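Please open the structure in your viewer and keep the sequence beside it, so that each stop on this tour can be selected in turn.

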Amino acid sequence: SVNIVAFGNERDGFSEDNQQPSLIWSYLRRSALISQIDSSLSASHVGNPVFTEYQACVFGNVRLVVHDCPVWDIFDSDWYTSCRLIGGADIIVIKYSVNDKTSFQELKDSYVPMVKKALNHCSVPVIISAIGARKNGVPCTCPLCTSDRRSCVMTSEGVQLAKELGATYLELHTLNDFYIQKYFGGVLEYFMIQSLNQKSSEKMKKRKKTQKCHRVQPPLLEQPEKMPILKGEASHYNADLHNLLCCCQCADVAFYPEDLSRAVEAHKIILCSVSQLFMLLFGVKSPSDAHDASIMQLAQSLFAVEAGDPFPSSPRGVPPCVPPVRVVVKDSVFCSCLPDILHFIYSGAFQWERLEEDIKKKLKDPEKTEHVLEKVKCILKTPGKLNTVKECRSHEIKRLYNTSLRLFFNTPVLADVIFKIQGATVPAHRAVLVARCEVMAAMFNGNYLEANSVLVPVYGVSKDTFLSFLEYLYTDSCFPASILQAMSLLICAEMYQVMRLQHICELYIITQLQSMPSRELASTSLSIVSLLKKAKFHNSDCLSTWLLHFIATNYLIFSQKPEFQDLSVEERNFVEMHRWPSNLYLKQLADYRNYIHSQKCHCTVM
């Protein structure tokens, strides 16, 4: 059979003769080689045909299937169908009217690249047919008229388009017998014969190949079973910090209005990680370190820090030995919006539109709203980089504000707890630990010794592993240096029940093992069975299941290693059941080799 796909409309957009037959239909009806024509419409919407399908016979008994798509919109509305039509085409015909420059330009700019993409370097012959006689008259001089002498598609433009597609270019001035049967029909029938010859040649090659395959073939080695896929867990870093504000655990600073009527609790470490102003306010930086004098001026005009603890009780969760810092907010309007501002900061300081809406609803005064938003921008700005502009969108805030706690990781600045591990000390901040780790939240807020202790001993992990664990809590990122370090970190994460870190370590181990070549896997001193035992002991079910599949998939390598004997009976049975290559394949391969050997040794004379 021969499949032809035709795209485009041969009628110009201003023609009144809508009953004029199409190029394809005219050829099928007039050609002496065509017989038994049948047509049907295909529609994506009622009354809106996408293409017409013609079926006929050519050269006597060759089946001819033609899809005529007069509307290019099929590429926009149904990309799958258009790709399927082009992919199954033996010949492609592109039609356009020489008097419809707009449609030609749209074809050239929008749809020719799509045709190229769909062809995907296939050697399908393409015929470009420019149809109609050009109607270039004297242009109208009316200023409202858009006609000009170049309203027609020139021959050079059609030839250039044909060069881009590697196509054959034809100009059909009218759809009469000469242009349709001898000119267009001659070229189309030539490509039909070429297509049939090519298919015949491929069929002969396939037949010869099939005849060769009748001899005994080696056994087919099936692909190994697909290993279980581990999915990463979404980050809840900003949510953890926001929950810390809501529950007010370990709060070490309280904001008050000038009449001391109410308090809003917060955490120095979070505020200082966001703003240079709070670093100056709480003594993390000295005024001499400030590169922007306006920040210091704003801090003095907006806040007043009072030392001591004149209140009967401390904010919840702070050890009695650490008094809270009382900060008086001098600006009453700003103070009334402080809870919304703190929610904005603790949520990651990038939901600027939401903060604008919340403050507008609360104040209901455009001037006061603008006043408060300008203060927030000045507080959060990076010195010397961000000016207080009136229009500031979320992506700009997120790009310019430094909301990372990395600056305070493993530093004594603002630290209120010290871990003692392997004879060394590691400073940390209770607020971050409580927010990011439920086990530490219970440890520092429950009836445990650590709740009122500054020095906390750590057992069962190394200093480097514990530092990597703390770095994840502070930064929400993890970069193990090796598979063994990732396993140690996984054990630490399981100890403190930080499940997302545990999943990250599992994915790292799996990724590293998958990328290891077979030769390296055979020679490595890393014990995969030992990793399996640790994963099972520390409740890493996903990793242990994956490692069992990994051992089974690389059976020929691991079965030769001494560690293979350390597998339990249950594990050994699983590996033997899912091994690759299977025992059946090895038996078939041995039988095939014996057969080949017997054929080579057989005496052809006798």
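Before selecting anything, bear in mind that this is a predicted model.

Begin with Pro-581, which is found in the loop between helix H25 (569–577) and helix H26 (583–601). If you show the backbone here, you will find that the peptide bond from Trp-580 to Pro-581 is cis, with omega near -5°. Most peptide bonds are trans, and most residues other than glycine have a negative phi.

Next, select helix H4, residues 101–119, whose 19 residues reach 25 Å from the first C-alpha to the last, close to the 27 Å expected at 1.5 Å a residue. Follow the helix to Tyr-111, where a kink of about 45° lies shortly before the proline Pro-113. Which residues of H4 are buried? They are Phe-104, Leu-107, Tyr-111, Val-112, Val-115, Ala-118 and Leu-119, and these buried residues pack against helix H2 (74–77), helix H3 (79–87), strand E5 (91–97) and helix H5 (155–165). Just after H4, select Asn-120, which takes a positive phi of about 50°.

Now move to Asn-410, in the loop between helix H15 (394–400) and strand E12 (417–421). Its phi is near 55°, a positive value in a residue other than glycine, and at 36% relative accessibility Asn-410 counts as partly exposed.

Finish at Asp-476, in the loop between helix H18 (463–475) and helix H19 (483–495). Asp-476 is also a residue other than glycine with a positive phi, here near 65°. Is Asp-476 buried or exposed? With a relative accessible area of 16%, Asp-476 is buried, because buried means under 20%.

Notes
Residues are numbered from 1 along each chain as its sequence is written. This is a predicted model: local features need pLDDT of at least 70, side-chain atom pairs count only at pLDDT 80 or more; totals for chains, interfaces and linings use all residues. Side-chain values use heavy atoms; hydrogens and water are left out. Helices (H or I, at least four residues) and strands (E, at least two) are DSSP runs, numbered from the N terminus. Buried means under 20% relative accessible area, exposed over 50%, partly exposed in between (1.4 Å probe, protein chains only). The expected span of a helix is 1.5 Å times one less than its number of residues. The bend at a residue is the angle between axes fitted to the seven residues ending there and the seven starting there. Contact means heavy atoms within 4.5 Å.
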